[in-house]
Amino acid sequence: MSRRRVAILISGRGSNMVSLIEAARAGDYPAEIALVLSNRPDAAGLDWAREAGISTCVIDHKAHPTREDFEHAMDAALASHAIDFICLAGFMRVLTEGFVERWSGQMVNIHPSLLPLFRGTQTHRRALEEGVLVHGCTVHFVVPELDAGPIIAQAVVPVVPGDTQDSLAARVIVQEHKLYPAALRMICDGTARLENGKVVFSHGWNADGALHSPS
Ligand code: GRF
């Protein structure tokens, strides 16, 4: 089995990064984490990755006059590590259409809501404000429009009485840490693939199950 060479792009604490690195330690995992790249020198996830023996790289967006310059520096780092797939994991820079098109079908993101609900930031606050009874997270291919790409996998959690942004975020992040490695596995082993702008799965779905909240 040839393993895809994956770069994880982070800006902060990197807990999803940790879940991907840990999953990729399994001998049968179809991806290896070949690089962790951060746009912030102080991202906490960098220390964890270094200690785990993963190659790391900082490309500080503030040191580059334009978005394109910043992204060309990222492209150079990705090329020098022979990266063929990108996972965005709390990477807080908007990417240009040019960069996204260069990595079309080869770049995924995790977002803390059930897309297409609550694109953008503050997803847990907005979910509470809207009174939804289920919430969750989504892994999707990246397209130029923010948080709008074809959906690969979603996990659902209940919203319960008394929830705060923090309690809801804590419930969702547990699922993010399971969902992202599972979704990356499906893409890298060919179970899920992008075809004509849609995600196609190589196995059939059993449509009997349903989630109810309140259960
Ligand atoms: C996660 O909630 C992820 O869904 C969002 O940013 C957050 C990153 O958290 N895109 P971490 O840095 O992976 O802990």
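Helices (H or I, at least four residues) and strands (E, at least two) are DSSP runs, numbered from the N terminus. The structure described here is a predicted model, in which local features need pLDDT of at least 70 and side-chain atom pairs count only at pLDDT 80 or more, while totals for chains, interfaces and linings use all residues. Residues are numbered from 1 along each chain as its sequence is written, and side-chain values use heavy atoms, with hydrogens and water left out.

**The largest pocket**

Rolling a probe the size of a water molecule over the atoms shows where empty space is left. A pocket is an open set of points on a 1 Å grid over the protein atoms alone, where a 1.4 Å probe fits, with protein on both sides within 12 Å along at least five of seven lines; lining residues have an atom within 4 Å of a point. The volume of the largest pocket is about 980 Å³, a volume being the space filled by probe spheres set on the points.

Its lining consists of 36 residues, and Gly90, Met92, Ile110, His111 and Pro112 lie nearest the centre. By class, the lining residues are 15 nonpolar, 15 polar and 6 charged. Here Ala, Val, Leu, Ile, Met, Phe, Trp, Tyr, Cys and Pro count as nonpolar, Asp, Glu, Lys and Arg as charged, and the others, Gly among them, as polar.

Four elements each supply at least two lining residues: helix H1 (15–23), strand E5 (107–111), helix H5 (123–130) and helix H6 (165–188). Of these, H6 gives the most, with 4 residues. The largest pocket lies between domain 1 (1–103) and domain 2 (110–202), because both give residues to its lining; the domain bounds come from an automatic or database domain assignment.

**Helix packing**

Axes are lines fitted to C-alpha atoms, for helices over the stretch in contact, and angles run from 0 to 180 degrees between N-to-C directions. Angles under 35 degrees count as roughly parallel, over 145 as roughly antiparallel, 65 to 115 as roughly perpendicular and the rest as oblique.

| Helix pair | Angle | Axes |
|---|---|---|
| H1 and H2 (residues 44–51) | about 20° | 10 Å apart |
| H5 and H6 | about 115° | 9 Å apart |
| H1 and H6 | roughly 45° | within 9 Å |

H5 is therefore roughly perpendicular to H6. H1 and H2 are roughly parallel to each other, whereas H1 and H6 are oblique.

**The loop between E5 and H5**

Most residues other than glycine have a negative phi, and most peptide bonds are trans. Proline 116 is in the loop between E5 and H5, and a cis peptide bond with omega of about 10° joins leucine 115 to proline 116. Phenylalanine 118 is also placed in the loop between E5 and H5; its phi is positive, near 60°.
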